[in-house]
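Reader: I'd like to learn how to read a model like this one. Could you walk me through it?

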Amino acid sequence: MKHLFLTRLHDGSAADVAFVSKQLQRLDWNAVGTGAMVTKYALKACRKGRYSATRAVADVTAAIKRPRPEVAARVVDAVTEEIMWSMEHPASGLVPTGAVFEHLHRFLDLWHEISEE
């Protein structure tokens, strides 16, 4: 599984996304910890200079959402927790706070009408 996320998704091609998605669906999902392990390697594939794989990891997560919705929920929850931690510890971040809040506002405003009162 480590190979699938850290090596195969490096360039993020559609063929690699399809291959990794199929391989993940073949895992023994009745085994304890499979979902946690998939989440761990999905997030690890996006860290430490491998940010180019972020889109591919998102595509794989979306592809396995229907048969394994718990994986998508775990990934979204983990990403949200990391964003919250980064906002609580701004000294460790490289992005100015204004940029973070601007993107957060854009994210919340997407497809929603927010009235300014």
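Reader: Why does Phe-101 count as partly exposed?

Author: Quick ground rules: this is a predicted model, where local features need pLDDT of at least 70, side-chain atom pairs count only at pLDDT 80 or more, and totals for chains, interfaces and linings use all residues. Residues are numbered from 1 along each chain as its sequence is written, and side-chain values use heavy atoms, leaving out hydrogens and water. Buried means under 20% relative accessible area, exposed over 50%, and partly exposed in between (1.4 Å probe, protein chains only). Phe-101 sits at 44%, so it counts as partly exposed.

Reader: Which helix holds Phe-101, and how confident is the predictor there?

Author: pLDDT is the predictor's confidence in each residue, from 0 to 100. Where it is low, the coordinates should not be read in detail. Phe-101 is in helix α6 (helices are DSSP runs of H or I, at least four residues, numbered from the N terminus). Confidence is lowest in α6 (residues 97-109), with a mean of 79, and highest in α2 (residues 14-25), at 92. The protein averages 84.

Reader: Now the inside: which residues touch the most other members of the largest nonpolar core?

Author: A nonpolar core is a set of buried Ala, Val, Leu, Ile, Met, Phe, Trp, Tyr and Cys residues joined through side-chain atoms within 4.5 Å. Here the largest has 21 residues, and Phe-5, Leu-9, Leu-24, Val-57 and Val-60 touch the most other members. α3 gives the most to this core, 4 residues.

Reader: What does Val-60 touch?

Author: Contact means heavy atoms within 4.5 Å. Skipping residues up to four places away in sequence, Val-60 touches Phe-5, Leu-9, Val-17, Val-20, Ser-21 and Leu-24.

Key:
Helix = DSSP H or I, 4+ residues; strand = E, 2+ residues; numbered from the N terminus.
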